[in-house]
Amino acid sequence: MTEKPITASPMTEMPSRRSFIKLVAVTGAAVTLGGRVAAQTASSPAKSGDLLVYQDGPQKGQVVKVADLKEGAAVWAQAVDPATKKPRDAMKSGVVIVRLKPSEIKASSQKNAVNGVVAYSSVCTHQGCPAKEIGSIGQGKGNIICTCHGSIYDPRDNATVLGGPAPRRLPALPLKTDAAGELVAAGEFTGKIGPK
Ligand code: FES
């Protein structure tokens with residue numbers, strides 16, 4: 001597949017891989033639930049029943065609600081153990097969450113979606129940079145992009161690779177909602193996280 005220039009949406013500033021790793025190192029201790037700071041991280045990927053909280057931006061640490069998501073936009077989140085209130089490993093449990101028109105979601109993604117919302121691992125399968133934004137031009141438009149080397153994933157079709165050097169799709173995280181409309185993991189990631 002050919003690499004084409006892609007442009008990220010201006011939602012967030014893209015960190016370098018080094019700064020991302022640094023961010024990952026501190027994010028776990030920074031996640032809050034109901035104002036409480038979780039002092040330690042639970043070093044594991046997301047598990048069924050985990051809450052999903054914003055990993056950056058002004059809502060960092062708050063649980064993601066379906067009603068707060070804009071169609072066609074992405075947010076970056078990570079899983080939190082609901083019992084201990086500890087965040088899971090910020091990298092292994094990191095997800096890019098995208099709200100789509102339900103009619104756009106292909107059969108391959110429908111079983112893991114809830115109310116038009118899908119979630120995939122945010123660890124690019126090429127070299128592990130964060131794939132957490134939606135492109136705004138070219139082949140990346142409306143798709144999940146990794147700006148390190150231009151990999152493009154289709155959020156409507158189980159994050160299949162549309163372009164760039166990524167060797168395989170992003171694994172999905174099955175979703176459900178609780179009574180408050182908050183996003184909850186309905187299972188574990190459907191495949192291996194990150195590069196081989
Ligand atoms: S790490 Fe994502 S394209 Fe290379």
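Reader: Thanks! Which residue does Asp-154 form a salt bridge with, and how far apart are the closest N and O atoms?

Author: Asp-154 pairs with Arg-156, and their closest N and O atoms are 2.8 Å apart. A salt bridge here is a side-chain nitrogen of Lys or Arg within 4 Å of a carboxyl oxygen of Asp or Glu. Before we go on: this is a predicted model, where local features need pLDDT of at least 70 and side-chain atom pairs count only at pLDDT 80 or more, while totals for chains, interfaces and linings use all residues. Residues are numbered from 1 along each chain as its sequence is written, and side-chain values use heavy atoms, with hydrogens and water left out.

Reader: Good to know. Are Asp-154 and Arg-156 buried or exposed?

Author: Both are buried. Buried means under 20% relative accessible area, exposed means over 50%, and partly exposed is in between (1.4 Å probe, protein chains only). Arg-156 counts as buried because its relative accessibility is 18%.

Reader: What else does Arg-156 form a salt bridge with?

Author: Glu-104, with the closest N and O atoms 4.0 Å apart. This pair links distant parts of the chain, 52 residues apart: Glu-104 is in the loop between E5 and helix H2 (107-110), and Arg-156 is in the loop between strand E9 (151-154) and strand E10 (160-163). Glu-104 has 34% relative accessibility, so it counts as partly exposed. For the labels, helices (H or I, at least four residues) and strands (E, at least two) are DSSP runs, numbered from the N terminus.

Reader: How many salt bridges are in the whole structure?

Author: A search finds six. One of them joins the side chains of Arg-88 and Asp-50, at 2.8 Å from N to O. Arg-88 lies in the loop between strand E4 (74-80) and strand E5 (95-99), and Asp-50 in the loop between strand E2 (36-37) and strand E3 (51-54), so this pair ties together parts that are 38 residues apart in sequence.

Reader: Let's switch to the fold. How many helices and strands are there?

Author: The chain has two helices and 12 strands. Along the sequence, the pattern reads α-β-β-β-β-β-α-β-β-β-β-β-β-β.

Reader: And how covered is E4?

Author: Seven of its seven residues are buried. On one side you have Ala-74, Trp-76, Gln-78 and Val-80, and on the other Val-75, Ala-77 and Ala-79.

Reader: Which strands does E4 join or pair with?

Author: Four bridges join E4 to E3, and the two run antiparallel. Leu-51 has Val-80 in E4 as its bridge partner. E4 also pairs with E5, again antiparallel and over four bridges, and there Ala-74 stands opposite Val-98 in E5. Two strands count as paired if DSSP finds at least two bridges between them.

Reader: What about E5 and E6?

Author: E5 and E6 run antiparallel and are joined by five bridges, with Val-98 opposite Val-118 in E6. Strand E6 (residues 117-121) has five of its five residues buried.

Reader: Which residues touch the most other members in the largest nonpolar core?

Author: Of its 20 residues, those are Val-98, Val-118, Tyr-120, Ala-131, Ile-144, Tyr-153 and Leu-170. E5, E6 and E8 are the elements that give two or more residues to this core. Apart from it lies another core of 19 residues, including Ala-77, Ile-97, Val-114 and Leu-183. A nonpolar core is a set of buried Ala, Val, Leu, Ile, Met, Phe, Trp, Tyr and Cys residues joined through side-chain atoms within 4.5 Å.

Reader: One last thing: where does Thr-125 lie, and what does it touch?

Author: Thr-125 lies in the loop between E6 and E7 and is buried, with a relative accessible area of 1%. Its contacts (heavy atoms within 4.5 Å) include Tyr-153, Pro-167 and Leu-170, not counting residues up to four places away in sequence. A polar atom of the Thr-125 side chain also lies 2.7 Å from the backbone oxygen of Arg-168.

Note on methods
A polar contact is a pair of N or O atoms within 3.5 Å; within protein, one must be able to donate a hydrogen and the other to accept it, and residues adjacent in sequence count only if both atoms are side-chain atoms.
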